[in-house]
Amino acid sequence: MSLSTTTTATEPYPLTHITPPLIAAPDPDEVARFRAQHADTQVVDLLISDMCGVARGKRVPVDQLAKVFTGGVAFPGSIYGADITGDPIAATKLVWEEGDADRLCWPIPDSLVDCPWLRRPTAQLMLHMQESDGTAFEVAPREALRRMVALLAAMDLHPVMALELEFYIMDSKWQADGMPIPPTSPTSGWQAAATAAQVYSIDDLDDFDELFADIQSGCKAQGIPADTITAEYAPGQFEINLQHELDPMAAADHAVMFKRVVNGCAAKHRFDSTFMAKPYAQYAGSGLHIHVSLVNGNGENVFADDDPAGTPLLRHAIGGLCATMAESMALLAPNANSYRRYQTESYAPNRALWGINNRTCALRVPGGAPAVRRVEHRVAGADANPYLAAACVLAGIHHGLTHQLDPGPPVTGNAYEMTHEPELPYSWAQALDAFEEGPVLRHYFGQRFAEVFLGIKWAERDKFNAYVTPMEYDWYFRTS
């Protein structure tokens with residue numbers, strides 16, 4: 001990849017004009033409107049999506065809901081300092097240094113929705129946290145995404161995004177060795193593991209039609225713009241597309257909500273489900289593919305051009321995404337398991353390359369009419385935090401536009417064969433080092449965010465590495 005710039009590629013862009021905003025007071029009438037339509041609701045789940053993308057929260061009686069809208073609800077700031085196991089990490093300085101202090105949280109507008117898959121009539125409400133001065137909590141992943149949206153808005157550019165998530169449905173009974181197995185069809189009794197995966201199989205969709213009908217009903221009840229269902233490249237693996245949205249915040253909100261719908265509906269039908277990046281060694285990994293275009297103040301797609309490679313602005317955006325991709329890996333692949341997904345000819349990219357209608361590339365410009373010209377960012381795993389993955393993409397685009405970066409020519413053919421190009425970080429530690437030492441993304445996300453994120457992930461890595469696995473006993477117990 002060659003980079004030509006009008007300014008130094010690593011020169012910081014001034015971010016002083018995107019200070020955290022004051023949290024706006026929610027509309028208390030939202031409660032009355034919801035209860036008028038859902039009079040049988042008994043409890044409400046109050047949810048915060050943490051740094052790892054895990055939904056954490058409290059369940060309260062529905063008669064307390066009005067108080068949440070008028071006075072907020074307290075959660076400890078350390079909820080954003082928890083690792084993937086829920087353990088608050090001292091290195092984030094959100095635990096002991098603050099006395100594990102509470103902060104006030106407020107409803108995210110229009111996020112009060114029904115949870116129709118639960119037996120007990122239940123609603124859910126998503127929250128965001130504020131500082132003591134009333135501004136948004138700066139280390140929250142959702143706030144990081146808002147800052148990237150604000151940067152582009154200052155250029156009169158507005159992202160249109162769609163987040164596509166792959167996932168697995170599995171049998172609820174695991175093997176004796178603790179490994180999951182593909183599901184048995186509730187209609188035919190056929191176990192998917194007994195045959196090779198049939199990509200784009202309609203029969204596989206028929207087998208799990210009742211489950212998917214419930215998932216679609218759950219998405220409709222929650223306003224999640226779910227679309228096409230596809231059987232993917234492995235037994236029990238599927239993808240349900242989410243439509244493009246004019247508000248990236250809503251697109252990420254809906255991806256977070258979508259995960260809960262899928263997991264809840266799967267449990268209702270007595271299946272397990274997972275958005276883990278690589279749940280099976282022998283089968284395909286699950287990705288989070290992010291489609292993004294930019295429209296100007298007139299609503300025009302600034303990437304649109306008769307040339308399939310798009311406009312110069314599209315190529316500058318791709319240049320920025322390529323330039324920041326190594327730094328972004330810690331956020332796009334946030335777990336130890338994430339890196340098992342990046343294998344040659346696995347549809348998970350291993351180099352910062354782009355191509356036109358080429359799924360072997362990290363960045364794909366899909367075909368179609370000029371009006372829908374966009375970038376498909378194919379790097380993130382389904383285990384990534386949707387807010388942080390979307391924020392990475394927008395930060396890279398902004399960096400490319402402001403420095404007019406040139407990504408070089410598009411790749412034709414198999415990008416996995418471009419061995420002369422450097423590989424992306426292929427281990428957790430390398431990715432964390434790349435984010436920690438990189439010149440661009442830490443500037444975009446902010447020093448405080450970086451301290452918290454790295455504090456969590458380095459501690460999580462140390463905990464993971466300290467665990468003795470069954471394979472180590474198999475390999476070393478009698479041979480050492």
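Helix H3 is largely enclosed by the rest of the structure, because 10 of its 13 residues are buried. Here, buried means under 20% relative accessible area, exposed means over 50%, and partly exposed lies in between (1.4 Å probe, protein chains only). The buried residues of H3 are Pro141, Arg142, Glu143, Ala144, Leu145, Arg147, Met148, Val149, Leu151 and Leu152. H3 covers residues 141–153 and reaches 19 Å from its first C-alpha to its last, close to the 18 Å expected at 1.5 Å a residue. That expected span is 1.5 Å times one less than the number of residues in the helix. Helices (H or I, at least four residues) and strands (E, at least two) are DSSP runs, numbered from the N terminus.

A word on what you are looking at: this is a predicted model, in which local features need pLDDT of at least 70 and side-chain atom pairs count only at pLDDT 80 or more, while totals for chains, interfaces and linings use all residues. Residues are numbered from 1 along each chain as its sequence is written, and side-chain values use heavy atoms, with hydrogens and water left out.

Now to the charged pairs. Side chains of opposite charge can pair when their charged atoms come close. A salt bridge is a side-chain nitrogen of Lys or Arg within 4 Å of a carboxyl oxygen of Asp or Glu.

Asp45 is buried, at 4% relative accessible area, whereas Arg260 is partly exposed at 24%. Arg59 joins Asp45 and Arg260 in a network of salt bridges.

Lys457 and Glu460 share helix H11 (residues 447–466), where they are 3 residues apart, about one turn of the helix. An α-helix has 3.6 residues a turn, so residues three or four places apart point the same way. Lys457 is buried, with a relative accessible area of 2%, and Glu460 is buried too, at 5%. In the remaining pair of the table, Arg33 is partly exposed at 44%, as is Asp27 at 34%.

Next, the surface. Patches are made of residues with over 30% relative accessible area and no salt bridge, with like charges joined within 9 Å and nonpolar side chains (Val, Leu, Ile, Met, Phe, Trp, Tyr) within 5 Å. Asp203, Asp206, Asp209 and Glu210 form a negative patch. Helix H4 (202–207) and helix H5 (209–222) each give two or more residues to the negative patch. Asp206 belongs to H4 and is partly exposed, with 45% relative accessibility.

A nonpolar surface patch brings together Val199, Tyr200, Tyr233 and Tyr347, with about 390 Å² of accessible area together. Accessible areas come from the Shrake-Rupley method with a 1.4 Å probe. Tyr347 lies in the loop between helix H7 (312–332) and strand S12 (354–356).

Finally, the backbone. Most residues other than glycine have a negative phi. Asp156, in the loop between H3 and strand S7 (157–171), has a positive phi near 60°. Arg270, in the loop between H6 and strand S10 (271–274), has a positive phi near 65°.

Notes
Lys and Arg count as positive and Asp and Glu as negative; His and the chain ends are not counted. The place of a charge is taken as NZ of Lys, CZ of Arg, CG of Asp or CD of Glu.
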